[in-house]
Each structure stands twice: as C-alpha cells, then as structure tokens.
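Subject: A structure for you to look at

Hello,

Here is the structure I promised to pass on. Please open it alongside this message, and then read on for what turned up.

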Amino acid sequence: MHYASIENLAKSFGIRTLFKNISFYVEEGDKIALVARNGSGKSTLLKIIAGLDTADNGTVWVHKDIKVIMLQQETQFEEGKTIWDNVLRMNNPVVKAVKEYEMCLEQEPENIEKLTSLMTKVDELNVWNFESELQQILGKLNLHHLNEPVKNLSGGQKKRVALAQALIEAQLHQGKCLLILDEPTNHLDVQMIEWLEDYLSAQKITLLCVTHDRYFLDAVCNEILEIDDEKVYEYKGDYDYFLEQKSLRQEVQASELQKDKNIYRKELEWMCKQPKARTTKSKSRQDAFADIEERISQRKEETDISLQVKMTRLGGKVLELKKIYKSYNDKIILKGFDYTFKKGERIGIVGKNGVGKSTFLKIALLQEKPDSGKVNHGDTVVFGNFNQEGLHYKEDKRAIEYVKEIAEFFPLADGGKISATQFMEKFGFTAEQQYTPLSKLSGGEKRRLHLLSILFCNPNFLILDEPTNDLDLQTLRTLEEFLLDFPGCILIVSHDRYFMDRMVDHLFAFEGDGIIKDFPGNYTLYRQHKLAEEKKALPCDSNELVKKQTPEPKTQQPPKSNQQRKPTFKEKYEFDQLEKDIAALQNEKNELEVKMNSGTLNYETLQEAASRISIIVNELDEKEMRWLELSELM
C-alpha cells in the first residue's frame with residue numbers, strides 16, 4: 001500500500017535554503033532513517049510531512065486511511081493535567097471507552113446497568129489487549145506515577161511521556177499509520193533504547209525517524225534518506241552500506257568536479273579573447289560556459305583537515321577521588337568511591353537514569369561538594385567540560401565571533417596551527433553558518449558550537465556528559481576522529497552504545513544504591529557479561545525454575561518501590577464481579593441452610609442441598625482469596 005508521496009518540496013528561512021526539490025515515497029512497512037547535518041532542515045521536513053508546517057513549494061500527499069503520528073523534539077503538553085491525561089490525549093473510541101469505564105468505576109460503581117453497558121462496549125472494542133500494551137509501554141519507559149502533573153516533570157521525563165503517547169496512538173491504529181519520530185532515543189537510558197529497538201522491530205509499523213544512534217538505526221531501519229547540499233539521496237541498507245555508497249558518490253562527484261574545472265579553464269580562456277573572435281554561431285558555446293560555471297559554483301569541495309592535537313602536558317598527578325560519599329536524603333549516589341586516574345585513560349560511565357552519573361561528574365570537577373572524602377586535581381590538568389546545560393552567551397554574536405573570543409588559532413602536534421574558521425568547517429559550519437547570529441542557530445547547531453568551543457580551548461582532560469545528544473551523524477564521526485587522536489584523559493557519560501564501544505577502554509557501571517563497578521571493556525562486552533551473569537543465576541532444578549519464573553509479570557513494575565502498581569481495567573472489573581458473586585453465593589448458602597433446618601425436606605432433597613452447600617463453601621473460599629488479593633491493589 002502506498003502511504004505517502006513527497007514531491008518537489010522546498011523550504012527556506014530568509015536567505016537560508018534548507019532544501020529544494022526534495023522528492024521521495026513511503027510504502028507500507030518502510031522503516032526509513034533521515035540523515036543530514038544539523039540545520040539542514042530534518043525536523044522541518046518531518047513537520048511538513050506531519051502537517052505541522054508548510055513548504056514554500058511542492059506537495060505532500062498522504063493516503064486518506066493513514067493517520068500521521070509525530071514525536072517532536074519539543075512536545076506541547078497540558079501542563080496542569082496528569083501524565084495519564086496527557087498520554088491518553090487523543091480522539092479515539094478505545095480511549096473514550098477506557099476513560100468512561102474508569103470514571104464509572106470511580107464515580108458510579110453502584111450503577112450496574114451503566115457498568116454492564118460499558119463492559120459490553122469494552123469487550124467489543126477489544127480494550128483488554130490495548131490495556132496490556134499500554135501497561136507495557138508505560139512500564140518500560142519508567143512512567144509509573146501517572147497522577148503526577150506534567151508541569152512537575154523534568155525535560156527527560158516529558159520526552160518519555162511524549163514517546164509513550166506516540167507509541168500508544170500508533171498501537172491504537174493497528175499499523176494503519178505513519179509514525180514519525182524525531183530523535184526518539186534522546187533522554188532514554190540504554191535499557192529503554194534496547195527495548196524500543198525490539199518493540200519497533202517487532203511491530204508491523206511504517207516508520208520515518210531522525211536518529212543519531214547508529215545501533216538503533218541498524219536494528220530498526222531498512223532504508224536511509226540523506227539530505228546533503230539541499231538534495232536528497234536514498235540508500236537501501238544499513239549504516240555501513242550508507243557510508244560505503246556515500247563515499248563512492250563523493251568520489252564520483254569529485255571526479256566530475258575536476259573534469260568540469262578543466263573544461264572551465266579552457267572555456268574561460270576562449271571567453272576572455274577579443275570580441276572579434278566570437279560570432280553569432282558560438283552562442284551555444286557561451287551558454288554551455290554559463291552552465292558549467294554554475295555547476296562549479298554550486299559544488300562543494302570536501303577538504304579534510306587533520307586535527308592532531310598539541311595539548312598541555314599532563315603531570316604525574318591527574319585526578320584523585322578518595323573515599324567519596326554522596327547521597328540525597330535516602331538516595332545513595334556514591335558509597336566510599338575511590339579511584340586515581342592515570343594518563344591517557346578513556347573511561348565510560350553507564351547506568352540507568354537517575355543513579356547519579358551527572359552528579360559524579362560535578363563532584364569530580366569540584367562543582368558540587370561530596371558529603372565526605374577528598375577530590376584532588378593535578379597542577380597541570382586543564383578540564384574541558386561539555387555538560388547538558390548547553391551554550392551560554394550574553395550577547396547575540398555571530399558564531400565565528402564566539403569562537404574567536406577563545407582563540408584565533410588551534411595548535412597542532414606538528415607545530416602548525418589552523419584558524420578558527422577552518423576548525424569550524426571541520427565540525428560542519430559553512431561560511432554562511434559561521435556568520436549566523438547565535439540566536440538563529442538550530443538546537444543541534446548550538447550543541448555542535450558548544451562542543452567545538454570546548455575542544456578549541458585545547459584541554460587535556462575531557463569530561464563529556466551526553467555529547468552525542470542532538471548531534472548529526474557527520475558531526476559524531478568528526479568528534480570520534482578527534483577523540484581517537486586525543487592523547488589526554490576522557491571521561492564520558494553516554495547512552496550511545498556505538499560511540500561508547502569506539503571511545504572507551506573500561507567502564508564505571510553505576511548499579512544503584514552507591515554501587516559502582518569498574519568493568520574492563522566497552523559497552524558491548526559489559527552487556528554480554530551482564531547477560532552471562534543473568535544466565536548463570538538461573539537455577540538448574542526445574543521446580544526452582546518454575547518458582548523463580550512465577551512472579552515474572554511483576555518485573556514490569558519499578559524495582560524496590562513501595563508504591564503499588566495501578567490495577568488494570570480487567571482487574572477492576574473482576575474485583576467488582578467478585579463482590580457480586582460472593583454476595584450471591586452467601587445468600588444462596590443462607591437460604592439452603594434455612595431450608596435444611598426447617599425439617600420439611602425429604603432425604604433426597606436434603607442430600608442435594610448439603611452437596612450444593614459444600615460446593616458453595618469451596619467457591620466462596622476461592623473467590624474470597626482472590627478478592628483479598630485484588631483489594632490490596634485497589
């Protein structure tokens with residue numbers, strides 16, 4: 001089935017052209033990744049397809065039976081309402097039935113006729129399956145306090161609420177939708193990203209997404225669309241195939257550019273001759289010269305600038321953390337952490353959101369005091385701290401002016417140097433973008449400028465807190481090349497598994513409650529180690545295995561939490577039904593006992609009544625036990 005057609009789209013902001021004459025098609029089952037530099041218009045293109053923005057030229061056609069659902073980088077919420085209300089903020093008969101049923105249970109539980117009518121409606125709409133999916137999505141995204149107002153949430157929590165809303169709405173449309181995700185892995189920990197990979201891969205869904213996570217891209221997508229130099233290129237394959245084909249394309253373009261330059265030089269010589277050498281018959285040659293001149297001016301020559309860093313020498317003492325303790329109320333972050341950093345170490349930090357990774361970095365930088373213990377910095381250490389707070393500036397300067405305030409030139413290991421302009425070009429800032437005011441840069445461009453300004457200061461100890469968020473894939477490759485040649489120390493917090501695998505030698509694994517393990521290897525090796533540990537923990541005895549697996553459904557709930565999970569709709573219905581069944585059985589038992597004690601029954605009837613009472617007693621025991629279980633949830 002043909003889902004959507006995007007034909008000859010063009011979009012500009014003032015004199016800046018994002019893209020022009022872009023055309024591609026989306027078929028049922030396509031899972032497409034959109035790749036481009038920050039500021040190339042990826043998010044704008046997605047919004048135009050979703051109907052949230054308009055193009056200057058071109059058309060977007062979407063099949064009338066297809067619903068377009070988009071996760072934006074910044075989602076507008078009803079701040080005063082709860083997570084639950086925002087997640088189910090959609091006009092759908094299943095959602096309406098769920099809300100009506102919830103309201104009836106809370107406000108009119110004695111209205112049997114209305115409850116029965118709603119139950120019939122719920123069964124017809126197959127709400128129980130939807131409710132199961134809903135619980136899974138909310139549980140895996142760690143959204144448990146559903147009555148919390150959205151205005152009280154952090155930016156990362158809001159991102160997860162928006163993602164849950166998009167996935168749930170897509171589930172409601174049972175595959176008849178085009179799901180558009182703009183950086184879905186931002187603010188997710190690794191476990192959440194891996195679950196999202198599996199979920200999207202297993203779903204019969206049509207997907208268009210922007211992501212910088214290369215493992216996620218390979219696991220989920222089967223096609224890559226690249227916007228480059230205002231044009232679009234299609235690649236049917238994974239990220240490695242994309243890199244290979246892009247390299248071949250650039251080689252062909254470079255060859256064509258060189259050929260055009262040779263022709264241009266000859267034709268320029270002819271054009272510069274005296275006017276008497278020209279005749280009306282050479283008009284076609286003049287037109288051909290104009291065409292080739294235009295082609296040369298439009299094509300960009302790729303220049304590869306090597307960044308062999310010449311940094312300040314590190315002394316024998318780098319960074320020492322001695323018996324560090326840190327906690328917030330009952331939450332333990334560090335419990336006697338002790339480590340001495342050595343020259344050239346590359347350490348990654350992994351762990352779930354909220355275990356204290358960013359706090360650890362602040363303590364190491366002396367930006368936050370530990371409860372006890374000592375932090376010692378070496379005399380020659382120059383820290384470069386890339387944090388999540390982003391770019392700070394007082395005046396709305398041009399990007400190049402912001403960088404030149406740090407230094408005019410960047411020193412290289414061979415004794416040479418490169419200018420601020422060349423350094424910015426290496427990180428994808430064109431001449432036009434370098435003279436763009438800071439306030440006019442996109443979110444990704446500001447992150448990129450913040451990163452390069454940290455590196456331009458020439459530190460010898462880099463501390464990078466989520467450096468890959470909002471960066472395009474090209475910038476990530478540039479950053480990786482820079483860091484691979486970087487001779488100093490590196491401490492990285494990142495959920496980008498590909499990035500961590502390439503960059504680090506060992507990991508600090510934050511496992512919660514102040515426990516930090518030093519693992520000798522990258523993230524993939526750590527993940528394999530954890531899986532092997534879990535496999536070893538499984539008992540061999542089949543009876544023990546059954547006992548261990550029995551409470552498995554409860555693992556969807558947050559570990560070590562005193563808060564009870566919310567009962568499902570089916571459990572609420574079962575609880576109400578049990579109360580009615582127990583009352584009916586008790587009444588029947590009382591009536592039979594009265595008849596048996598009356599002395600008017602014959603022997604056969606008396607035997608039947610006694611047998612029935614025995615059955616009723618067993619049923620009452622079972623139903624009362626189940627009622628007690630459910631009453632704890634209620």
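Below are my notes, starting with the whole chain and then moving to individual sites.

Please keep in mind that this is a predicted model. The chain holds 21 helices and 20 strands, and 45% of its 634 residues are buried. Among contacts with a separation of 6 or more, 69% join residues 24 or more positions apart.

Salt bridges

The count of salt bridges comes to 27. One of them pairs the side chains of Arg214 and Asp496, at 3.5 Å from N to O. Arg214 sits in helix 8 and Asp496 in the loop between strand 18 (489-493) and helix 17 (497-503), so this bridge ties together parts that are 282 residues apart in sequence. Both partners are buried. They also belong to a network of salt bridges that links Arg214, Glu480, Asp496 and Arg502.

Asp581 and Lys623 make another salt bridge, their closest N and O atoms being 3.5 Å apart. This pair links distant parts of the chain, with Asp581 in helix 20 (residues 569-598) and Lys623 in helix 21 (residues 603-633), 42 residues apart. Asp581 is partly exposed at 25% relative accessible area, and Lys623 is partly exposed at 23%.

A further bridge joins Lys342 to Glu345, with 3.8 Å between the closest N and O atoms. Here Lys342 is partly exposed at 49% relative accessibility, whereas Glu345 is buried at 10%.

Together with Asp238, Asp240 and Glu244, Asp218 forms a negative surface patch. With a relative accessibility of 33%, Asp218 counts as partly exposed.

Arg249 belongs to helix 9 (residues 239-271) and is buried, at 13% relative accessibility. Leaving out residues up to four places away in sequence, Arg249 touches Glu226, Asp228, Tyr233 and Tyr235.

Which residues of helix 11 are buried? They are Lys357, Thr359, Phe360, Leu361, Ile363 and Ala364. Since six of the eight residues in helix 11 (residues 357-364) are buried, the rest of the structure largely encloses this helix.

Most residues other than glycine have a negative phi. Leu366, which follows helix 11, has a positive phi near 65°. Leu366 lies in the loop that leads from helix 11 to strand 13 (372-377) and is exposed, with a relative accessible area of 52%.

Glu466 is another non-glycine residue with a positive phi, near 50°. Glu466 is in the loop between strand 17 (461-465) and helix 16 (473-484). Is Glu466 buried or exposed? At 5% relative accessibility, Glu466 counts as buried.

Trp61 is part of strand 4 (residues 57-62) and is partly exposed, with a relative accessible area of 40%. Setting aside neighbours within four places in sequence, Trp61 contacts His2, Tyr3, Ala4 and Ser5. The C-alpha atoms of Trp61 and Tyr3 are 8.4 Å apart, although 58 residues separate the two along the chain.

Enjoy looking around, and write back with any thoughts.

Best wishes

Definitions and conventions: Residues numbered from 1 in each chain as written. Predicted model: local features only at pLDDT ≥ 70, side-chain atom pairs only at ≥ 80, totals over all residues. Heavy atoms only, no water. Patch = residues over 30% accessible without salt bridge, like charges linked within 9 Å, V, L, I, M, F, W, Y side chains within 5 Å. Areas by Shrake-Rupley, 256 points an atom, 1.4 Å probe, with all protein chains shown as cover. Salt bridge = Lys/Arg side-chain N within 4 Å of Asp/Glu carboxyl O. Lys, Arg positive; Asp, Glu negative; His and termini not counted. Charge placed at Lys NZ, Arg CZ, Asp CG, Glu CD. Buried < 20%, exposed > 50% of the residue type's maximum accessible area, 1.4 Å probe, protein only. Helix = DSSP H or I, 4+ residues; strand = E, 2+ residues; numbered from the N terminus. Contact = heavy atoms within 4.5 Å.
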